[in-house]
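Have the viewer open as you read.

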Amino acid sequence: MKYSAGVSWLLCMTSFSVASAEPMPNLDLESLMATDVQATSAMKRAQSAFSTAASLYVLGKEDIHASGAISVAEALKLVPGLEVRQLDNNQWAITARGVAGRYTSKLLVMVDGQSVYNPSFAGVYWETLDVPLYDIERIEVIRGQGGLLWGSNATNGVINIITKNSLDTRETLLKVSSGDQLNYDIGLRHGGNIGSNGSYRIFGSVRDSDAAKTGKSLPANDDAKQQSIGARFDFAPNDDLSILTQFSYTHTDMGQNLKALSLATNQNTLYADRFERDDGRIMARAEHRLSGSSNQMLQASWAIQDGKQLYLDERFQSVDVDYQMNSLWGATQLDWGLNYRNSYLPFEENYIIRSDADIDRLEQYGAFLQLQFALIPEQLNVSFGNKSEHNSFTGWEHQPVARITWQPNNEHVLWSAISQGVRIPSLAEFDYDTGINGTRVGEYFQTGIDAIDNYHVHTVLNGNQQVEPEKSLSYELGYRFSKQDWSFDLALFHTQSKDVFAVQPNPDSANLDQIAALLAQGKIVEAQQALQNTVLEFDVASNADLNVKGGEALVAWRPSVNFRAELGYSQMSYRYRLKENTQPAIGYDSDSKQFFAKTGWHPFKKHSFFALFRSINSDAYSVDDYDALDLSWAWQLMPHSSLSLTGKNLLAGSHLEYDNTSETFTVPNYIEQSVVLRLMAEF
Amino acid sequence: MLAIKRFVTSLIMLALAVAAGETGAADKEAALKAGFMFNFARYSEWQGLAKPLGYFKLCSPDIEFVDTASWVLHKQRIHELEIRVSLVELDSLSINQCNLLFVPTAYRKNWLTVDRTLLSHTMLVGEAPDFIHQGGHIRFFLLAGKIRFEVAPEELKKADITMSSKVLRLSRVVKEEQ
C-alpha cells in the first residue's frame with residue numbers, strides 16, 4: 001500500500017456522508033477523480049473516516065456547490081450538529097458542542113492547515129474569510145476535542161477547509177451571482193500547468209451587497225464590499241515529494257451596527273458604523289514520502305489581520321511552523337510533530353480598552369506524539385497520545401487523549417474516546433481592561449435623587465494575568481453502521497470543564513460606601529463628584545465549572561447517484577456551576593435541539609434540486625425557535641455551464657438568530673428571506 | 001508514575017508486536033484504478049480493436065488486481081464489447097491478445113524484459129515512476145490523497161490508439177522529448 005504524499009490531514013469521503021465502508025466505486029470519471037484513496041483527518045493522517053474514533057463529518061464540494069452558499073460560514077449550515085448563528089448579513093457565531101459567541105467559540109478554524117484563529121479575542125472573523133467556494137475540495141469538521149493534533153483552543157471542535165489541488169483546476173472558471181440583497185458576486189479563476197511537474201491557479205473576486213430591509217435596534221446597516229485575490233502553486237517533482245505554496249488577500253469594507261461605551265453617559269450606546277479589514281495569508285508546505293511506511297511534512301505560514309472600526313485599530317500577525325512525521329510498522333502507526341507559533345498583537349490604548357502590561361506577543365511551541373495499534377488485528381484498535389504546548393501566558397499545558405475502536409465487520413464500528421482539551425485565555429481576558437456598560441447606582445442603593453440613582457458608574461472588565469487556562473475533560477461514545485446505500489452515525493458526549501472563564505465583581509474597586517456616607521450627610525454635590533471619579537471593576541476569573549452533554553445522530557441514504565438524503569438530530573444541555581457572586585461569560589445555562597434534513601435530487605439529466613431544512617430549538621441565544629428552509633434548482637446549460645436559483649430562509653422569514661447582548665460591540669440584526677441567481681461556466 | 005511507565009511501555013511493545021496488512025485501503029486503490037482504466041478505454045479509439053477476440057481484454061500479472069477489477073468491471077462494456085479481466089504472465093505470448101495491460105510497480109523489473117513487439121496495439125498502463133520512459137502510455141500517481149495520471153498521447157498514437165480530450169484534459173500530458 002502506498003500512502004499519498006499527503007499523509008495527512010487530507011481526509012476524504014467523496015461527498016455526502018462520513019460513514020461509508022467500501023462500496024463499489026462509481027465508474028463515472030468525475031467521481032473517480034473526486035474519490036480519495038483513503039480517508040481521515042481526525043487522526044492527522046490518512047485513515048478511513050468510517051473507522052475513526054472521533055465525531056467527524058466531511059462536507060463535500062458537491063453539497064457546497066448545490067446549496068448556493070456564497071460564503072464559507074454559510075456553507076457550514078450544511079453540517080449537521082454545528083451551531084451556526086447569523087448575526088447580520090455578514091457576521092456569524094459558529095461552534096460545535098457549545099454556545100457560539102461572536103468573539104468566543106472555542107473552535108479552531110484552518111484553511112489547508114493554516115490557522116485563522118485570532119488570539120486577541122479567541123475567535124474567527126468569519127466575514128473576512130473569503131475562500132472561493134468553487135475551489136474547496138471539502139470541509140472537515142471534527143465535533144469535540146481536537147487538541148492533541150491541532151493544539152490548544154480546539155475544545156469544541158476543529159474546522160479544516162481543504163482547497164483543491166491546482167492540478168484539478170487547470171481551466172478558467174467564471175461565477176456570477178446576483179439577488180435581491182446581493183448586488184453582485186463575481187469570481188474568476190484561471191489555472192494551468194507549470195512545466196511538466198507543476199500547476200497553478202490564480203483567482204480574484206468582488207462582492208457587493210445591500211443591507212437588510214429591517215434592523216432590530218437601528219436601521220439595518222449590514223451592506224458589504226469585498227475584494228479578494230489569491231493564487232496556489234503545486235509542484236510534484238517526483239512521486240515522493242509535493243510542494244504547495246499559496247497566498248490570498250482580502251479587503252473587506254462592511255457596515256455594522258455596534259454598541260460601545262459613550263464617554264458622556266458611561267452607557268452602551270448604539271452606533272451605525274463601518275469597519276475595514278485586511279486579511280492576508282501565505283503558506284508553504286512540503287510533503288515528503290521517505291519510504292513506503294514513513295512520511296514527513298513541513299509547513300510554514302504567515303497571516304495578517306488588520307482592521308479599523310469605532311474605538312478599535314486592530315493589528316495582528318502570526319507566524320506558524322509545523323513539522324510532522326508519520327510512520328507505519330505493519331498495523332502500528334506512530335505520529336509525532338513539533339509546532340511553533342508567534343503572534344504579534346500590538347496594542348494602542350483607547351477609551352474602551354486599555355492594557356495592563358502592554359503585552360504584544362504570544363508565543364507558543366510544543367510537540368505531539370500519537371501511537372495507534374491493533375489489540376486484535378482488524379477489529380480492536382487503540383490509539384493514545386499527548387500534546388504538550390507552552391504558551392507565554394500560562395506556561396505548559398497538556399492535552400492527552402485515548403481512543404478505541406471496535407470493528408467486528410465491515411458494517412459496524414463502535415468507538416470511544418477520552419480526551420483533555422485546553423483553551424488558553426485570549427489577550428482580552430489576560431491583559432485588557434475593557435469598558436463595559438456602566439452600572440446604575442440605583443442597583444446598589446436608592447437615594448430618591450434621580451440624578452444619582454440613574455447615574456451610571458464607569459465600569460470596567462479587568463483582564464487577569466492570574467487566570468488559569470480552561471481545561472475540558474471529554475468522554476465520547478460513538479457507533480457507525482454502513483450498508484451499500486445507507487449509513488447511520490451516532491455520537492454521544494459529556495464534557496466537564498473546570499477553570500472556566502467567568503466574571504466577578506471586584507468589591508474593593510469602588511468606594512460606594514464612602515459615597516453612601518456622603519449622601520447620608522446630605523453632601524449631594526460631593527457625592528456626585530465622587531461618583532464621577534469612581535470606577536467599578538469586574539474581574540475576569542477562571543473559577544467556574546461547565547458541564548455540557550448531548551449527542552448527534554445522522555442517517556444518510558444514497559439509493560442512487562441521482563438521489564441522496566440526510567436526516568440528523570442533535571441535542572445539547574449546557575450547565576454552569578458558578579462561584580457565589582459570579583456570572584458566566586460565554587452563554588448561560590441552556591438546552592438546544594436541532595433537527596436537520598438535507599437532500600440532493602437529480603431527476604433529469606440537466607436539472608437538479610437541493611434542499612436544506614433546519615429546525616432550531618434553543619434557549620441559548622435569547623431568540624425564538626425557528627425553522628429555516630433553503631431550496632436550490634440548478635440547470636446544466638452546457639457540459640460545463642450551469643444556471644442556478646436559490647431561495648434562502650423560505651420558512652423562517654425575517655427572524656433573529658442571535659440576541660446575546662452581553663458581548664461587547666455585538667448588535668444582531670434580522671435575517672431575511674433572499675433569492676440568489678448564479679451563473680457558473682468553465683472553459 | 002512507574003506503573004504508568006510500565007503500562008505505556010507494555011502498550012508500545014504490544015503494538016510493535018502486532019503486524020497486519022491494510023487490505024481495505026489497497027483494495028480501494030485497486031478498485032479506483034480499475035475504474036480509471038475502464039474510462040481510459042471507454043474514451044479511446046483502437047484502430048484494430050474489432051480484430052482480435054470479440055471482447056475487450058484487460059490484462060495484468062497481479063492476481064489481486066485481477067480479482068478486484070473483475071468485481072468492479074463486472075457486466076461493464078467497452079465499445080459494445082464485454083470486458084474480460086485476465087491474469088497474464090509478462091513473459092508469455094498471451095499478452096499479445098491484451099487490449100489493455102496494467103503493470104503494477106511490483107512487476108517493474110519483469111516489464112523491462114517484455115518483448116514490446118507483442119504489444120503493438122495494446123494500451124499500456126502502469127504506476128512505476130519511470131513507466132512512461134520505459135515505453136508505457138499512461139501512469140498512475142497519487143497526489144494529495146487522490147489518484148491522478150499522466151499520459152503520453154504521442155506514444156498512444158504509435159500504438160494506433162487515440163484518446164479523447166475529455167480524458168487528456170484531466171491528465172498531466174507527457175511529451176515525447178520528456
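## A walk through the model

Let's start inside a strand: A:Asp185 is part of β9 of chain A, the strand covering residues 182–194. Keep in mind that this is a predicted model. Is A:Asp185 buried or exposed? Its relative accessibility is 7%, so A:Asp185 counts as buried, the limit being under 20%. Leaving aside residues up to four places away in sequence, A:Asp185 touches A:Ile70, A:Lys175, A:Val176, A:Ser177, A:Val206 and A:Arg207.

How far can you trust chain A? The average pLDDT for chain A is 88, and 93% of the residues score at least 70.

| Partner of β14(A) | Residues | Bridges to β14(A) |
|---|---|---|
| β16(A) | 317–329 | 11 bridges, antiparallel |
| β15(A) | 312–314 | three bridges, antiparallel |

On the β13(A) side, A:Ala286 has A:Leu298 in β14(A) as its bridge partner, and the two strands form a hairpin with two residues between them. Towards β16(A), A:Trp302 stands opposite A:Val319. A:Gly307 is bridged to A:Glu314 in β15(A). β14(A) and β15(A) also make a hairpin with two residues between them, and A:Tyr311 in that turn has a positive phi of about 70 degrees.

On to the rings. Over all chains, the structure holds 23 aromatic pairs. One of them is A:Tyr574 with A:Tyr576: the ring centres are 5.8 Å apart and the planes sit at 85 degrees, so the pair is edge-to-face, which takes an angle over 60 degrees. Both partners are buried: A:Tyr574 has a relative accessible area of 2%, and A:Tyr576 comes in at 11% relative accessibility. Over in chain B, B:Phe36, B:Phe40, B:Phe65, B:Phe102, B:Phe140 and B:Phe149 form one aromatic cluster.

In chain A, the charged end of A:Arg277 sits over the ring of A:Tyr125, 3.4 Å from its centre. In chain B, B:Arg116 lies over the face of B:Trp111, with 4.2 Å to the ring centre.

How many disulfides are there over all chains? The count comes to one, and it joins B:Cys59 to B:Cys98 with an S to S distance of 2.0 Å. The torsion about that S-S bond is about -105 degrees, so the disulfide of B:Cys59 and B:Cys98 is left-handed. B:Cys59 belongs to strand β2 (residues 56–60) of chain B, while B:Cys98 is in the loop between β4 (81–87) and β5 (100–103) of chain B, so the pair ties together parts that are 39 residues apart in sequence. Both B:Cys59 and B:Cys98 are buried.

Technical notes. Residues numbered from 1 in each chain as written. Chains lettered and ligands numbered in written order. Predicted model: local features only at pLDDT ≥ 70, side-chain atom pairs only at ≥ 80, totals over all residues. Heavy atoms only, no water. Phe/Tyr/Trp six-rings, centres within 6.5 Å; stacked < 30°, edge-to-face > 60°. Buried < 20%, exposed > 50% of the residue type's maximum accessible area, 1.4 Å probe, protein only. Lys NZ or Arg CZ within 6 Å of the ring centre and 35° of its normal. Disulfide = S-S within 2.5 Å. Helix = DSSP H or I, 4+ residues; strand = E, 2+ residues; numbered from the N terminus. Pairing = 2+ DSSP bridges. pLDDT = per-residue confidence, 0-100. Contact = heavy atoms within 4.5 Å.
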